[in-house]
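Trainee: I'd like to learn how to read a structure like this one. Could you walk me through it?

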Amino acid sequence: MKRVLPYLLLLPTFVIITLFIYWPAVYSLRLSFYRITPFGNRMVFVGLRNFQRLFQSPEYLNAIKVTVVYVLASLFLTIFLAFFIALLLNMNLPGNRIFRALIFTPYAISPAIAGVLWSFLLNPVVGHVNYILSKLFGLQVEWLTTKPYALIAVIIATVWKTLPFDIIFYLAGLQDIPQELIEASLVEGANSWARTWKIVFPLLSPITFYLVIMNLVSFMFSSFAIIDVTTKGGPGNYTTTLIYRLYLDAFAFQKIGPAAAQSVILFLIMAIVTIFYFKFGERRVHYQ
Amino acid sequence: MRRKRSITILYEIILVMVTFIMALPLFLAITISFQKPEAVFSYPPKFFPTSFYWKNYVEAFKYVPLARLFLNSLIVASLITLGKLTTGALAGFAFSHFNFKSKKIMFATLFATLFLPAETVMILPLFLIMKTFGWVNTYWALTIPFMASATNTFLMRQHFLTIPRELQDAALIDGASYMQFFWKVLIPLSKHMLAGASIINFVYAWNMYLWPLIVSMEDKMKTVQVGVKMLMQAESANNWGVIMAGTVVALAPTVVMFLALQNLFVKSLVRSGMKG
């Protein structure tokens, strides 16, 4: 029994990952070498031509560009703001518990709903953001339909949605650092800001590493919901990220071969991230 | 000292502003959902509720089959959670308490999938597989593919490893089988971890969007996340009161759960994260 039991215990997990992760991965690799009619009744082997075409198509190159800008901007903003807000919450100012509860709440809200909420707030007619902007600066912005605001809108919704997750981890990390060190670097002296970033922030680098990877993965994929609800990838293809491009090609245009090739590319990107994570994160991230 | 206090006040003000910005979208969603249609378009926009117009909710349930979608989300999220916990606990038990041939390879095979969320990266091949299975528009497609995950397995394994080995030896000497030890000792000792893992998994599953959007073409199989988008596209196009009513319905379960169990949530999240 002891011989067979571990395999039996692992069976459900391995059946699922084989059928629904490994098989689709291999399947999409196979499909990526073919040209397929929309209804799948004819398949012609075309070798690497799908990949070749992708990297020549302005639409795909644009999606790469959009993804890089979107991911980097969201990543930078989220990490910076999360660390800063975690510092504030860690100071145990009056009302801290309520602030904390309210600030964490977007964690439980889905990316799709984050998209709806920000579509409303940024709506030029009824939204509150434009009202405040016009009162303060006399600005009227068409957020979701013009460049560069559409991408900024998507980034705002993304950062808002992701901040709580990152704050939770930074707060946990801050609690392991002696309080005096944090207070000293925060409150005293003229250069407290610089010192915080030079002393406290580096101490939390394992957490930052972990968050960068996690955010990267989530921005690459769950951004789909936010974009689909707010801008639909527009104006033009201005907010079409890689995952949105894949969705359009696969399900709107039925370009199965090229879409499979895109899956393979995303798969490879994630493989690189995974290897990177295990290679550099494994030891350092182990925080207890 | 004086200076310290004034800086503290400054920090307090910033914190209040941050809280305001983070909470505003949710607060306004609730406010708008009870606002009469004409009040939504009033200028300046309202920051506080001026009415308790619950008909937006009635409308939202009329525009899309919201009750059915809500039930679907509940079924799907519960099944995925249950599935992930079960497969994760079993596999975690195997990895923590047994030595067997190919353990290392199987561990690596599982962990290679850590960042490959099938519901996004492989939507196309996965969708074609669902078609082959005849699972499109069924709960099978919405649940089964997500019933196992590397994160859950690793979390369980790590937790089981903290439970003293002697307990197993004692149980086995007393004549219990491995599975009896698993159900009667290991699982009860892991209640808190399981509770935390189940709410994290539930929130994750409840909030899935892309996959349900693709795999459930019939309205009756859609989930509330997709329903909210349907509301935005429905006749009611600019009737934000109705859209927000639907939105509040869609976000209520996970947000209420989160507010009620925040400590457990946060602890479990950090634990599963830092150890995963």
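Mentor: Let's start with a helix: over residues 69–95 of chain B, the chain is 100% helix and 0% strand, with its end C-alpha atoms 38 Å apart. Helices (H or I, at least four residues) and strands (E, at least two) are DSSP runs, numbered from the N terminus. This is a predicted model, where local features need pLDDT of at least 70, side-chain atom pairs count only at pLDDT 80 or more, and totals for chains, interfaces and linings use all residues. Residues are numbered from 1 along each chain as its sequence is written, chains are lettered from A and ligands numbered from 1 in the order in which they are written, and side-chain values use heavy atoms, leaving out hydrogens and water.

Trainee: Which residues of chain B does UniProt list as "transmembrane region"?

Mentor: UniProt positions are given in the numbering used here, feature names are shortened, and annotations may be inferred rather than shown by experiment. The unreviewed entry lists residues 9–34, 69–95, 107–130, 193–214 and 240–266 of chain B. Over residues 240–266 of chain B, the model has 96% helix and 0% strand, and the end C-alpha atoms lie 33 Å apart.

Trainee: Is T13(A) buried or exposed?

Mentor: Buried means under 20% relative accessible area, exposed over 50%, and partly exposed in between (1.4 Å probe, protein chains only). T13(A) counts as buried because its relative accessibility is 0%. T13(A) belongs to helix α1 (residues 5–31) of chain A.

Trainee: What does the side chain of T13(A) reach?

Mentor: The backbone oxygen of T87(B), at 3.3 Å. A polar contact is a pair of N or O atoms within 3.5 Å; within protein, one must be able to donate a hydrogen and the other to accept it, and residues adjacent in sequence count only if both atoms are side-chain atoms. For contacts in general, the test is heavy atoms within 4.5 Å. Leaving aside residues up to four places away in sequence, T13(A) touches T87(B), A91(B), L110(B), A148(B) and T153(B).

Trainee: And where is N50(A) found?

Mentor: In helix α2 (residues 49–54) of chain A. N50(A) counts as buried because its relative accessibility is 5%. Its side chain reaches the backbone oxygen of Y34(A) at 2.8 Å. Not counting residues up to four places away in sequence, the residues N50(A) touches include L31(A), G257(A) and P258(A).

Trainee: What pLDDT does chain A average?

Mentor: pLDDT is the predictor's confidence in each residue, from 0 to 100. Chain A averages 90, and 94% of the residues score at least 70. Over residues 284–288 of chain A, however, the pLDDT is below 50.
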